[in-house]
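Hi,

Here is the structure I promised to pass on. My notes on what turned up in it follow below.

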Amino acid sequence: MNSIIITIDEKEAVKKSIILFLFLFLFFGCTAGGLVAIYYQSQLTTEISVIKDDQAASVTTKEKVIAHEFDDVTSDLLFLANQNEIKEYFNVKKPHFLRKVASEYLEMASHKDNYAQIRFIDVNGVEKIRIDNNQGKHFISPSMNLQDKSSRYYLKASERLKIHEVYVSPMDLNIENGKIERPFKPMIRFSTPIFDSNNLKQGYIIINYDAREMITEIVNAFRSDMAIPMLVNNDGYWLVSGDSEKDWGFVVPGRENHTFPNKYPLEWQQMVNREIGQLHTDNGMFTFVKTYPFKRSLSPNSAEVNNYWVLLTFIPHSVISGISSVLRMKLLFLGTGLFLFTTTVAWFLALAITKRKIYQSRLISLALHDGLTGLANRKLFYDRLETGLDLAERYGRRLGLLYIDLDGFKKINDDLGHVSGDSLLIKFSKLLKSLVRKTDTVARLGGDEFAIVLTEIESAADAIFVAKKITDSLALPIEIEGGSVNIGASIGIAVFPDMSRNLEELIHLADISMYKSKENGKNTFTLARL
């Protein structure tokens, strides 16, 4: 069995160790010398840094959760707008078909506890169907309870929508019979127009999304002994403040002056000009991120498309001061007699860590990348594909797989030699990497066989687009060592989950499609068929 020998240049290791040694030397030296102030400051900085990192990770993670939640509601809305039952109703206008539509809405609502209402409203603004939610029990509202909603702002905003466009209202409080419902019920309304088979607008589908659970999740996710979770809209009004008597000032009479800008004017001025960040002021630490929950769902022409929320946590100055007091109680005194010892330890530790990092880095690179092209090898390809499939499955995305085999490579290798063949493989590898995103994976599986994993594609058309770019790029000769050559590529395409949810089957489909491309004349691509 052949063994891999990895050599480490001693001069390189020493050079790279110097910075780490200086850091360790200063740290150990200052500690050993009894410089209590430096020890205290470093420990305090570490504590604050951990808090900052934890708060930053929390707000960023929850921002993504909110975005995915809005995507799910939008997907349900567009699904309802394209139901066969509603199309049939438009054709015949018989109550029987309307009842079938209502039954379909009720079925969906029964699986969505946070859908307060699902409604079909005609072009005159009159409710034709309304599914209500009474403490988790969904039911079809009788016709006598259906209302005229033509004057409501969300319906007027929906009138300008085109097919497949969606309106998302600002989050406000539910109003029943002209009064704010209590306890407060935060509501977001998602709306899209419905068209008949002649592309004539017949009305609107509206989902009333009950945001209480989402807000509770935000509060619970950030609740701790230190941090106060907050949610603020782009006008500065609190949706969540930590004090329920200050929330919803733009809706609840008497709370108009309870806003974030009024209480924290300097902090708000800095927040509105940044997307994400942390502020450490005299009031305390603010960790924030702007989230645009409407942007991915709204029509581009919507006036609300740039509306945002500020998701933030607030740690009061008194809490941070308390951390400093605790640290001062834990001060350690170390003697200066350990100075030489700690210096020696710092150097050998820095050198050992540096050598280990160099060794691990080179070992990982050899194990996961092709030695000639630097692309991912077969092992890394399978790892990336498996990870991509897991993420696609979890978040309901599509993933594209391209299997590529060079046409005529053997002849070039035989006629011009292996040096020219290697040069061609390197050039082709660079070409493939230039035609995909950084988040995609390009791999060399062996010989002249390559594969590309396209993450987060919208449809098979995206994978076909990449395949066409590859074949078009090969229409011109490629300059390699030994001369100019013409080369082609046979490409097979498979898409998850449209064609398969199984990794091995997806690879098999892409492989078969690649061979079909060879049979169809080469330098072409074939989309797998089930």
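Contact here means heavy atoms within 4.5 Å, and buried means under 20% relative accessible area, with exposed over 50% and partly exposed in between (1.4 Å probe, protein chains only). Helices (H or I, at least four residues) and strands (E, at least two) are DSSP runs, numbered from the N terminus.

Before going on, a word on provenance: this is a predicted model, where local features need pLDDT of at least 70 and side-chain atom pairs count only at pLDDT 80 or more, while totals for chains, interfaces and linings use all residues. Residues are numbered from 1 along each chain as its sequence is written, and side-chain values use heavy atoms, with hydrogens and water left out.

Back to α15. At the start of the helix, a side-chain oxygen of N502 comes to within 3.0 Å of the backbone nitrogen of E504. Just after the helix, G521 has a positive phi of about 120°.

Next, β9 (residues 201-210). This strand has 9 of its 10 residues buried, so it is largely enclosed by the rest of the structure. Two strands count as paired if DSSP finds at least two bridges between them. β1 (residues 115-122) runs antiparallel to β9, joined by 7 bridges, and I118 has I207 as its bridge partner in β9. β8 (residues 186-195) also pairs with β9 in the antiparallel sense, over 9 bridges, with F195 opposite K201. β8 and β9 make a hairpin with 5 residues between them, and N199 in the turn has a positive phi of about 60°.

There's also an open sheet of 5 strands, antiparallel in its pairing, in the order β11-β10-β14-β13-β12. β11 (238-240) and β12 (276-281) are the edge strands, each pairing on one side only. Within the sheet, β10 (residues 228-233) is joined to β11 by 2 bridges, and V232 has W238 as its bridge partner in β11.

Cheers

Conventions: Polar contact = N/O pair within 3.5 Å; in protein donor to acceptor, adjacent residues only side chain to side chain.
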